[in-house]
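Me: I would like to go through this structure with you, one topic at a time. Shall we look at it together?

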Amino acid sequence: MRVRAVALAATLTIFGGVFLAFPFCSPASASGPLNVVVTIPVLKDFAIQVGGPHVSVHSLLSGLESEHTYSPKPSDLVAIRNARVLLEVGVGLEVWVRSLIRNAGNPLLLVVTTSKGIALIRERGQKADRRGAGLRHQQLGNPHVWLDPENAKVMMRHITEAFIQTDSGHAKVYRNNQAEYLRQLDELQRELVNRVRGLTDRRVIVHHPAWPYFARRFGFSIEGEIVSQVGAEPSAKHLQALVKRIRDKQIRVIISEPQLNQKIPQVLARETNARVVVLTPLPGGIPGTQTYLDMLRYDVLELAKALERS
Ligand SMILES: [Zn+2]
């Protein structure tokens, strides 16, 4: 009897171990919400929209740092160790996250690349540092996919599927929340497309190449960029060429971002009489842009106003 009980206990332990080690089969925790870690705040907003009270979401970036030059903190490792799902954008955006995931040693972690399946914009004809982000954007594609609401819909679907996979008990809630959010997103997209319809001058200079998806969706034209890689200083030659282009083509608007140094855009504006408009590619970068919908509305409306003033 005793031997059989021990054998049974051992068998259960083995199966239990297998069960736990296989992420897709592990039962949803009945105690407390699903622990989710995301790399950048836009993913936090998407995760909360889908998961509501059934998920607890922690974003590694707050929205005030640049997504390219972030230095992970020890607490990030702890957050990933305790998480069940990690959401990233991918396309080489979060170059710092892979080693964090490795070092966290969390075999239960489901890592979801939310850009999967999105048609990427590959920039050609732009001078790129051989090792830099410029070249990476040409090879892998530009990673700032979330700034087109159509791409945001694809990302939402990946997030919904991941939550259903890890917490099937709330599958219906997750699907309903997603459907409701996609409806709101459609409505905002229609409103914003209508808002920009009448603009005659749609040309802008950008600080870093965050905006090609945004520009394509809303019909803006990117005529130059201050840096092709965050963290690198533009050369004097590049800035001179940019000043000449702004003057020759009479470009009126330079887009800067709160996560980057404002000095160079301001110097360019002074030299050329163009104006700087500060837009945020990350929710929370500017007061009143905490959610993706608020951020998108802010960015489109502010840019439209700046272009109309010219
Ligand atoms: Zn960026």
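Me: Which residue in S4 does Leu86 stand opposite?
Reply: In this predicted model, Leu86 has Val111 of S4 opposite to it. The strands concerned, S3 and S4, are paired in the parallel sense, over 4 bridges.

Me: And which residues of S4 are on its covered face, and which on the uncovered one?
Reply: Leu110 and Val112 make up the covered face of S4, while Val111 and Thr113 belong to the uncovered face.

Me: What is the strand order in that open sheet?
Reply: The order is S2-S1-S3-S4, an open sheet of 4 strands with parallel pairing. From one strand to the next, the twist averages 20°.

Me: How many bridges join S1 to S3?
Reply: There are 3 bridges between strand S1 (residues 34-38) and strand S3 (residues 85-88), and these two strands run parallel. Within S3, Val85 is the residue opposite Val36.

Me: Which strands does H6 lie across?
Reply: H6 lies across S1, S2, S3 and S4, and it runs at about 165° to S4.

Me: Staying with H6, at what angle does it pack with H2?
Reply: The angle between helix H2 (residues 41-51) and helix H6 (residues 149-166) is about 55°, and their axes are 10 Å apart. The two helices are therefore oblique to each other. Their crossing is right-handed.

Me: Which residues meet there?
Reply: From H2 the residues are Leu43, Phe46, Ala47, Gln49, Val50 and Gly51; from H6 they are Ala152, Met155, Met156, Ile159, Thr160 and Phe163. Sorted by class, this contact of H2 with H6 comprises 9 nonpolar and 3 polar residues, with no charged ones.

Me: Changing topic to backbone angles: what is phi of Val91?
Reply: Phi of Val91 is near 55°, which is a positive value in a residue other than glycine. For context, most residues other than glycine have a negative phi.

Me: Where does Val91 lie, and is Val91 buried or exposed?
Reply: Val91 is part of the loop between S3 and helix H4 (97-104). Its relative accessible area is 16%, so Val91 counts as buried, the cut-off being under 20%.

Me: What about phi of Asn273?
Reply: Asn273 also has a positive phi, near 65°, and is a residue other than glycine. Asn273 sits in the loop between helix H10 (263-272) and strand S8 (275-278).

Me: Is Asn273 buried or exposed?
Reply: Asn273 is exposed, as its relative accessible area is 61% and the exposed class covers values over 50%.

Me: S8 brings up another sheet. In what order do its strands come?
Reply: The order is S6-S5-S7-S8, again 4 strands in an open sheet with parallel pairing.

Me: Which strands does H10 lie across?
Reply: H10 lies across S7 and S8 and runs at about 175° to S7. Helix H11 (residues 292-308) packs on the sheet too, where it touches strand S5 (203-206), S7 and S8, and its direction makes about 170° with that of S8.

Me: One more residue: where is Lys249 placed, and what is it in contact with?
Reply: Lys249 belongs to helix H9 (residues 236-249). Neighbours within four places in sequence aside, Lys249 is in contact with Arg203 and Glu223. Lys249 and Glu223 are 26 residues apart in sequence, with a C-alpha to C-alpha distance of 9.3 Å. Lys249 counts as partly exposed, because its relative accessibility is 41%.

Me: Finally, how many helices and strands does the protein chain have?
Reply: The protein chain has 11 helices and 8 strands. Of its 310 residues, 49% count as buried. Among contacts in the protein chain with a separation of 6 or more, 64% are between residues 24 or more positions apart.

Terms used:
Residues numbered from 1 in each chain as written. Predicted model: local features only at pLDDT ≥ 70, side-chain atom pairs only at ≥ 80, totals over all residues. Heavy atoms only, no water. Axes fitted to C-alpha atoms, helices over the stretch in contact; angles between N-to-C directions. Parallel < 35°, antiparallel > 145°, perpendicular 65-115°, else oblique. Left-handed = near helix turned anticlockwise from the far one by under 90°. Contact = heavy atoms within 4.5 Å. Nonpolar A, V, L, I, M, F, W, Y, C, P; charged D, E, K, R; others polar. Pairing = 2+ DSSP bridges. Buried < 20%, exposed > 50% of the residue type's maximum accessible area, 1.4 Å probe, protein only.
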